[in-house]
Amino acid sequence: VTMATSQQAKTSNAISLKGSADIVAEFFGYGINSILYQRGIYAPEQFERTKKYGLTLLVTAEEALRNYINNILKQLHGWLLEKTVQKVVLVITSKTTNEVVERWQFDVECDKSATAETLSSKPEKEIHSEIQGIIRQVTASVTFLPMIEDPCVFEIIIYTDKDTITPDAWEESDPKFVKNAAEVFQLRSFSTNIHTVKSAVTYRGED
């Protein structure tokens with residue numbers, strides 16, 4: 001009986017393909033909000049505090065922006081389940097010059113052999129600890145990234161496998177690379193053992 005109970009406990013804590021997609025999509029929700037706050041794309045008073053990953057994080061309190069991000073995450077979640085996501089990119093563009101100022105790129109690797117029955121035994125606590133490391137780096141980014149002085153806007157670009165069906169609300173985009181890029185700063189990665197996310201930020205050099 002003890003062995004059966006122990007086996008049951010292990011299975012109930014295991015992460016499925018859907019569970020992995022949930023974790024990754026949730027990370028992008030908090031990650032996008034953290035970048036928008038730390039890089040001053042919206043005023044600080046437009047954010048509210050919340051607790052996640054053992055950290056105090058800031059998320060938008062603006063309904064329109066929250067809906068926009070949630071719609072992206074919903075579509076992303078579907079593509080994570082289909083294992084067709086390759087990259088998620090957050091681009092920050094100057095409203096004044098229309099030039100790309102920063103490009104936050106998250107490479108997503110999917111275990112193509114994973115099915116609905118696939119289970120990862122990696123503890124969620126360990127995954128959250130890895131995510132915490134990335135969010136801490138985003139928070140610290142103000143110390144190594146140049147100050148953004150222009151008013152800016154952001155957009156999300158998602159790279160998927162070629163045969164992925166794109167919803168009508170989405171449109172094809174160019175890669176929006178940073179011209180005159182100063183450096184690519186590698187950030188940490190995290191993995192559920194079903195999906196792996198590697199992150200980096202490219203920023204514009206001085207003219």
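This report describes selected strands, a helix, salt bridges and individual residues of a predicted model.

## Basis of the values

Residues are numbered from 1 along each chain as its sequence is written, and side-chain values use heavy atoms, with hydrogens and water left out. Because the model is predicted, local features need pLDDT of at least 70 and side-chain atom pairs count only at pLDDT 80 or more, while totals for chains, interfaces and linings use all residues.

Thr 60 lies in β3, which covers residues 55-60, and is the bridge partner of Phe 47. Thr 60 counts as buried because its relative accessibility is 3%, given that buried means under 20% relative accessible area, exposed over 50% and partly exposed in between (1.4 Å probe, protein chains only). A polar atom of the Thr 60 side chain lies 3.0 Å from the backbone nitrogen of Glu 62. Leaving aside residues up to four places away in sequence, Thr 60 touches residues including Asn 33, Glu 48, Arg 66 and Ile 69, contact being heavy atoms within 4.5 Å.

## Salt bridges

The count comes to eight salt bridges, each defined as a side-chain nitrogen of Lys or Arg within 4 Å of a carboxyl oxygen of Asp or Glu. One of them joins the side chains of Glu 26 and Lys 52 (3.3 Å, N to O); this pair links distant parts of the chain, with Glu 26 in helix α2 (residues 17-38) and Lys 52 in strand β2, 26 residues apart.

Another joins Arg 66 and Glu 48 at 3.7 Å, N to O. Arg 66 lies in helix α3 (residues 63-82) and Glu 48 in strand β2, so the pair ties together parts that are 18 residues apart in sequence. Arg 66 is partly exposed at a relative accessible area of 33%, and Glu 48 is partly exposed at 36%.

The 17 residues of helix α4 (residues 124-140) should span 24 Å at 1.5 Å a residue, and the end C-alpha atoms are 24 Å apart, which agrees; the expected span is 1.5 Å times one less than the number of residues. Among the buried residues of α4 are Ile 127, His 128, Ile 131 and Val 138.

Ser 121 sits in the loop between β6 (119-120) and α4 and counts as exposed, at 70% relative accessibility. Although Ser 121 and Asn 193 are 72 residues apart in sequence, their C-alpha atoms are 8.3 Å apart in space.

Conventions. Helices (H or I, at least four residues) and strands (E, at least two) are DSSP runs, numbered from the N terminus. A polar contact is a pair of N or O atoms within 3.5 Å; within protein, one must be able to donate a hydrogen and the other to accept it, and residues adjacent in sequence count only if both atoms are side-chain atoms. Two strands pair if DSSP finds at least two bridges between them.
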